[in-house]
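Hello,

Here is the structure I promised to pass on to you. Please have it open while you read, and my notes follow just below.

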Amino acid sequence: MLQYIIVFAIVGIAAIYTVVKLFKQAKNGNCSGCPQDRGTDCACREELLRKNK
Amino acid sequence: MATSLKQLSVALTGNPNSGKTTIFNALTGANQHVGNFPGVTVEKKEGYLNHNGYRIKFVDLPGTYSLSAGSLDELIARNFIIEDRPDIVIDIVDASNIERNLYLTTQLSELGLPIIIALNMSDMAAKFGINIDHKYLSALLKIPVVPTVGNKEKGIDQLLNKIIELAESGSFEEPANVKYGKEFQNEICRLCDILAKDKETIANYKTNWLALKLLEDDQEIKKMVSKHKHAEQIFKQAELGRANLTKLYHEDPAALITDKRYGFISGACSEATSMTVERRHDISDSIDYLLIHPYLGLPIFAGLMWLMFHLTFTLGEKPMGWIEAGIGVLGKLAAQIIPAGIINSLVVDGVIHGVGGVIIFLPNIIILFLAIALLEDTGYMARAAFVMDRIMHRIGLHGKSFIPMLIGFGCSVPAYMGSRIIDDKTDRLITMHVTTFMSCGARLPVYILVCGAFWPKNAGTIVFSLYVLGVLIAIATVKILRNWRFRGMSSAFVMELPPYRVPTFRSLLLHTWERSWLYIRKAGTIILGISIIMWFLMTFPQTTTYSQDYNELLSRAGQKEAAGGLDVIQLAEVTQNYENIMAAEKLANSFAGQMGKLIEPVIKPLGFDWRLGIALISGFAAKETVVSTMATVYGVGGADESSDSLRRSIAIDPAYSPLKAYAFLAFILLYVPCMAAMAVFLRETGSWKELLFQLFYTSAMAYGISLIIFQGGKLLGMG
């Protein structure tokens, strides 16, 4: 029984984490750096600045 | 009467000996005034002309090769343009030496003022065998171009008319600017943010231009910026940016900027000029002669791409085997340590098989991105876009559209965002719709898995064929969309041809690491999460009604062995067989199995069973999860803990054949990209209609092509 409780907890956490992560990624565009030629309105700029701090 | 005339100020600039003064004289005649520029002894000539209701003041600026403030003349010309802000700048370009003269144009166009190019000495250029399509050059640079012959006063009226036309219109199109690349853009972004904090001090300047000048270490600009409220922070950031760029390229940023500008010019000239005689041949030209040759360029590009995928496979094979073996050991170890039961299955079948199945392809990903970085950093990718330009033009797009498409070979997300370089909305939309068909890096693990299973000796060629298929479908799509949804022709662009360079080790490493780290991160986050969910969906419900009483059959087999009817090996085989059937039935009855069975009738004509169906559904979250899902299918669905590698398991599975495998790969290539990419697509297009069209079109295309492959192959007796 304990095994099942642990497994369901892990699956539940994984499900919530994945959904949140996917939404976050969709919102941020999975930014890994400004693509070439984007100009100063680059959507990734905030992320880059945050990384740079 | 002169007071009722509208006032217009026009600055004349150009290289020394470009015929600037001749044009100035032709425009103003004897109506000139000679003085000095403020504070210096450099001669300042002004002239006036009344024309079509305008009193035009012409200022003849000192002849300069650039606006880099390297000499007093350059500084004066620059300061006059920025501080006095003439209404229009006429850039006198010596047509017989166009490449060198356009260098100044690239700098002028960054200042944000209306420019007209007077393409002077066009007669001399023709004599030298240089033919310039000035209309096309104008369309490429987005600057009006008027051919002139100053000493014969040819084109002067047209130049005046153009001045009036520009003044009357009250607005001007932003000229095409040089693109300095991702790393430069990042540094510019950072500087712009600080510069924008005190707009008063820099009111006359474009922040982008200032940032670029600071990266060039322009002393005059630094003097001006020292009055900025955040000067210290700006200088620190500029120094940091310069250091980053120097470290990355092993070259001074100012030299790199010059290279980029000449790359831009070289691209514009290659498109808008033709030579009737051999004029100049440097190393870049000689290499370009071959690489962008009208007939050889495309086969060379195709050959290089094939080589890239071939190496991705052959070089990746060994390290892949090592990681696979390591994951196998880890799986066995976990199976021994964790007591048998549901947690054991979660860790071994869900986490280790699922994530491990994706991680083993890391060497291939590293090799692919290293190859892409190498092609990009040497300057070849720009040539590839140039070669594709001809094809793209024929189908209704331009080579510039191929750049986001090339980025799409890495990831669709930056590719969609990269489409912003295309100004025309229709061109941009078409480019975004077709970029989806460029096979992203996340699909590669699926190709490697399936190709490795069915065509171990020709895997590289099969993968190459998929990339070609993607490009062909993209081309067909452009044609369809051009004829059906978005009519009209594409606008002109400069295809840049930067000089070839030997890439630095650091830059290659950085580019490869960025992509590889993203892959690892994805495996440890989203893929891990989805692997756990898929494991759950494949393991539950636990209660299964089997088609036969296998426990009874197993006990009968045991009795038979005791009675001597079976030997130990035969018993083991029978037991293994029943256990496999039980595991398969259990999987078919799971939540995932039920979901898969639900969609099976739809995908059956493509030769796919429900297992491939759920793998495809999971691929909507991230394409790599197709692999992890397959790994979990064979982990959960296979009773034997020490089973072979996933590739072998798929290869020996009687449910699949090479024909089905290729139809499946074509589906993976063409169907909707991942959720993140779709969200970016929506954000970039700002249209639900376009997103829905994209989802429908890609799904229909994937289904249609896979159907043709499978059913067509069957008709031809291929499987």
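B:Val89 has B:Ile115 of E6(B) as its bridge partner. Before going on, please note that this is a predicted model, in which local features need pLDDT of at least 70, side-chain atom pairs count only at pLDDT 80 or more, and totals for chains, interfaces and linings use all residues. Residues are numbered from 1 along each chain as its sequence is written, while chains are lettered from A and ligands numbered from 1 in the order in which they are written.

Strand E5 (residues 88-94) of chain B and E6(B) run parallel and are joined by six bridges; two strands pair if DSSP finds at least two bridges between them. Helices (H or I, at least four residues) and strands (E, at least two) are DSSP runs, numbered from the N terminus. From E5(B) the chain passes through helix H3 (residues 98-108) of chain B to reach E6(B), in a right-handed β-α-β crossover. Right-handed here says that, with the strands pointing away from the viewer, the path from the first strand over the helix to the second runs clockwise.

E6(B) also pairs with strand E8 (residues 145-147) of chain B, in the parallel sense and over three bridges. In that pairing, B:Leu119 stands opposite B:Pro147 of E8(B).

Is E6(B) mostly covered or uncovered? Mostly covered: six of its six residues are buried. A residue is buried if 20 or more other C-beta atoms lie within 10 Å of its own, exposed if 12 or fewer, and partly exposed in between, with C-beta atoms placed from the backbone. B:Ile115, B:Ile117 and B:Leu119 point one way from the strand, and B:Ile116, B:Ala118 and B:Asn120 point the other way.

B:Ile116 is also a contact of B:Lys162, as are B:Pro144 and B:Val146, leaving aside neighbours within four places in sequence. Contact is used for two residues whose C-beta atoms, placed from the backbone, lie within 7 Å. B:Lys162 belongs to helix H6 (residues 156-169) of chain B and counts as partly exposed, because it has 19 C-beta neighbours inside 10 Å. Between B:Lys162 and B:Pro144 there are 7.8 Å from C-alpha to C-alpha, at 18 residues apart in sequence.

Most residues other than glycine have a negative phi, and most peptide bonds are trans.

- B:Met121 is not a glycine, yet has a positive phi of about 55°. It lies in the loop between strand E6 (115-120) and helix H4 (122-127) of chain B, and B:Met121 is buried, with 27 other C-beta atoms within 10 Å.
- B:Asn52, also not a glycine, has a positive phi of about 45°. Its loop lies between strand E3 (43-51) and strand E4 (54-60) of chain B, and B:Asn52 counts as partly exposed, with 14 C-beta neighbours inside 10 Å.
- B:Phe540 and B:Pro541 are joined by a cis peptide bond, with omega about 0°. B:Pro541 sits in the loop between helix H23 (526-539) and helix H24 (550-562) of chain B.

Chain B has 32 helices and nine strands, and 47% of its 719 residues count as buried. Chain A has two helices and zero strands; of its 53 residues, 34% count as buried.

Which residues touch the most other members of the largest nonpolar core? They are B:Val450, B:Met630, B:Leu665 and B:Phe667, in a core of 136 residues. A nonpolar core is a set of buried Ala, Val, Leu, Ile, Met, Phe, Trp, Tyr and Cys residues joined through C-beta atoms within 7 Å. A second, separate core has 74 residues, including B:Leu8 and B:Ile194.

pLDDT is the predictor's confidence in each residue, from 0 to 100. Chain B has a mean of 83, with 91% of its residues at 70 or more. For chain A the mean is 63, and 45% of the residues reach 70 or more. Over residues 30-53 of chain A, pLDDT stays under 50. For the complex, the predictor gives an ipTM of 0.71 and a pTM of 0.63.

Best wishes
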